[in-house]
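Dear colleague,

Please find below the structure that I am handing over to you. My notes on its salt bridges follow.

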Amino acid sequence: MDPALHCVDLGLIPAEEAEVLRYAQWPQAAAIPEDLPLAECLRMAEGRVRCRAVWRQYPLIVTETELDLGFARTASHSLKKHLEGCKNLLLFCCTAGAEMDRLIARAQLRSPLHGLLMHALGAQQVEGACDRLCEALARSFPEHRLTPRFSPGYGDVPLSLQREIFSALDCERQIGVTLTDSLLMRPGKSVTAVVGLKSC
Amino acid sequence: MTLLEHLRTGPFFLDGGMGTLLQAAGLRPGEAPEGWSLSHPDVITGIHRAYYEAGSDMVLTNTFGVHPLRYPLEQCEAMIRAAMDCAFAARAALHDGRERFVALDIGPCGKLLKPLGTLDFEEAVGCFAQIVKLGAACGADAVFIETMNDGYETKAALLAAKESCSLPVLVSNAYGSDGQLMTGGTPASLVPMLEGLGADAVGVNCSLGPDALAPIVQSYLACASVPVLMKPNAGLPRDEGGRTVYDVTAAGFAASVAALIPQGLRILGGCCGTTPEYIKALREAVGGTMPPPLEDKNISAVTSRSQAVVLGQAPVIIGERINPTGKKRLRQALAEGDMGYVLNEALAQEERGAQVLDVNVGAPGLDEAALLTRAVEEIQAVTDLPLQLDTADPRAMEQALRRYNGKAMINSVNGSEAVMDAVLPLAKKYGGELVALTLDEHGIPDTAEGRLTIAERILARAEALGISRKDILFDPLTMPVSADGQAARITLDALRLIRERTGCGTVLGVSNVSFGLPARELIGSAFLTMALQAGLTAAIMNPCSDRMLGAFLSARTLLGHDPACAAYIDHASALSVQTAAAAPASPASTPNAAEPEGLRRAVLKGLRGEAASRTRAALDAGQEGLAIIQSEIIPALDEVGRGFEAKTIYLPQLMMSAEAADAAFREIRAAMGGQAEATRCSIVLATVKGDIHDIGKNIVRLLLENYGFAVTDLGKDVPPEAILEAVKRLHAPICALSALMTTTVPAMAETVALVHKEAPWCKVMVGGAVLTEAYAREIGADGYAKDAMGAVRLAETLERSALFT
């Protein structure tokens, strides 16, 4: 493996019920009825989802007309604004893995509501994994401040940037994430993002 | 000695890393090493020669990254030819008379196979086959498949190698620190599949240093009957001023690897970070140590992507429910291509403790070959239970066996010549646990000895083809005791006799014994107990029957396979919970069960169980099903729908109400004997091609069904032609499409245009995260719905307009 690529096993992310319900669009104030099969979904998934990530550092070069991200060039204004003042960036792909997709398919077979809740759990898992990764990255770069994550599809960053990200991070071989011709990620609960490094 | 004999004797030395040495020789980061066979042949030849001189018996060609998915075929050919020439030149330069070998090296193709990725299994097989043919034509002595981190891709590469050449094939996988392949395989699940496909050696390389890999190698040694190989990294890499360095020295590496030879390791080398110095040290550390002789571990196992079920220890349950014989609803589902029904049967049996699932989709008028393959793929996407492929059609069997991820059970062969000729070669080629029925062209012998004679004949034929005895299980055939009072006794006698004389495992489909009798499970469970007592290896049975499962678990406990009776106690306590739940509710808990207000409230609150019980009570009290729907359920759904539109009710609450209504509908349907299924028009529903999001589509389906539409759900990633086909077949007045991504809206537009052109009567409604009213008009849709309630309202409008145009 290219030593510039870092594979991280993020392990098990605790399932936080309140977060899962938020992703399921459960109204915050509403009482949770006994019939809501949340506990059942969490039990189905317990101990089965292992989150993984791969990341790599790149120098950032800003010119009048474009950004050289090290793995691709883009004219995106919103990303330029987001990375203002950064000389380096971290690119990562994080996934809740194929097991999460299998769990969603299994939950969906029980009922659409199980499916919705398992989707929400998947979202909570991959977002939790991204948080855990970014905390670890922040510790690895103590001299820097990390910007929030910025993903293709945000602002004017085109989804097609995914192609460059996938070849830069070798996602398919490193952590088993595939990009389809329609630019969807498989497993579905996966996130790619750029984080800027600002000197403190 | 032939190469195969060398491998089976050992110790046999492979080479070490290539990339590390190329970097030292000036390979730039990101530059492809395989290109150097053409641009710097002297460097490549020099590396091979250094390994031979250090003591390698076989080197791997510089072809790891050569793959038809990455390079045009002519370039693949040029690189393979050049790489082989480099290895041959290195070998020819040495004149010490020692025997040396060259293996064609094959790495992963870099793409994940479906369903995890996008690469089709047969396409992968085809690409690997091209590499193997080129290498074999150049004169390779062996094929070395390495660094594979997905079992399914490993199968594709190994199958391609076996189909394209007759050279020895060595297979090496790359494991993570959790002891699993990236896609979830373990040595126990992988080795039976690789041996079944004919791998000549199996093992591990890369990923970790020798000490971290040792436990994985030990797992291989515990279950592999073929030679085991190991090619670890020189520890973990780190970046030191732009150079990659590894933390295990040559001496430490050699000591760790050599220590595994007395345990049975016989093929050894190094991977990333190792150099000729490491191989030299390894040779010295091994000295004259010889591994113990190779022995057959005699393990009978069926496997899936990640699980292995060993046969011949505790008895095993094979779930029988995926079989359309006598099941009208399943036959209908298969005819309509509704895999949801099949998948639900799979999960239900898994929850009840089935360890293997029988899959039979044969019914008149169906394309069994296509259907069996599809069923196998879809079932394997949701469960890790190994499968038993059950078909009498050799073509269906072969197609499904090829694509099966793991080592399957093959059900079945029998003693008739034609069937043996068709099925035994499949078992030999693809591997599998073969179920052999003790009947032949003359029928089923009515004595135990007669069945034994057929078993012995099948066994002789199978062994002559090279199929191992451990991979054969005999089915001495259960016959209805109602037709012949001696039938069960003969079957059990045959079971004992075959077990004693052949040493092979046994299988019985137990349900057949009770055919034609009342209270079938009563006598069926007794027969099951007796068969287990007689030594049955695996029972094909219905795990969803309490009585059958109870008999199985009790017998298993009594036969000593349930330490501390744990499984039995679990089952018994689950039973008592069920009994309590099924007991008639006390009048106090449901004061006005038949009271309509109660039902409306249950749907509003999303109380599934209560909605069902209140509907049942209302029906029992003599109310008409349709009246209950019109006066209670629909008004409740409307109220919830209005709340959703007014944003006082949220999506999960809407879904809970919809599911409660669904539970009420089921009761009404059951009471009406399955009639009056749908009261409104047909709707064909699908997520468009290229898009795999289906959560929104599934919610829409649930609500449309609530409102009485007859929904045909084609699933996700559905090509336009398939959608059109369904619209035409059903003459559906409405087609509803979902797309979540800007990148899949073009496929939606294409579908809209196709349906409008070829099925002009059909109105197309669309929805999905990226769509808007304007966008929907732009792609030519007849209507846009922003959410599931909107879809119901729109469908009602479109239905009216369809009826009046």
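**Salt bridges in the model**

Glu705(B) is partly exposed, its relative accessible area being 28%. Please bear in mind that this is a predicted model. The partner of Glu705(B) in a salt bridge is Arg701(B), with 3.2 Å between the closest N and O atoms. Arg701(B) likewise counts as partly exposed, at 31% relative accessibility. Both residues belong to helix α26 (residues 695-706) of chain B, where they are four residues apart and hence separated by about one helical turn.

Salt bridges with shared partners also link Arg48(A), Glu99(A), Arg102(A), Arg305(B) and Asp384(B) into one network. Over all chains, the structure holds 61 salt bridges.

Two further pairs involve Arg110(A), a partly exposed residue with a relative accessible area of 34%. In one of them, the side chain of Arg110(A) meets that of Glu40(A) in a salt bridge of 2.3 Å, N to O. Glu40(A) lies in helix α2 (residues 38-45) of chain A and Arg110(A) in helix α4 (residues 97-110) of chain A, so this pair ties together parts that are 70 residues apart in sequence. Glu40(A) is partly exposed, with a relative accessible area of 25%.

Arg110(A) also forms a salt bridge with Glu351(B), at 2.3 Å, N to O. This pair crosses between chains: Glu351(B) is in helix α13 (residues 339-351) of chain B, and Arg110(A) is in helix α4 of chain A. Glu351(B) is exposed, with a relative accessible area of 52%.

With kind regards

Definitions and conventions: Residues numbered from 1 in each chain as written. Chains lettered and ligands numbered in written order. Predicted model: local features only at pLDDT ≥ 70, side-chain atom pairs only at ≥ 80, totals over all residues. Heavy atoms only, no water. Salt bridge = Lys/Arg side-chain N within 4 Å of Asp/Glu carboxyl O. Helix = DSSP H or I, 4+ residues; strand = E, 2+ residues; numbered from the N terminus. Buried < 20%, exposed > 50% of the residue type's maximum accessible area, 1.4 Å probe, protein only.
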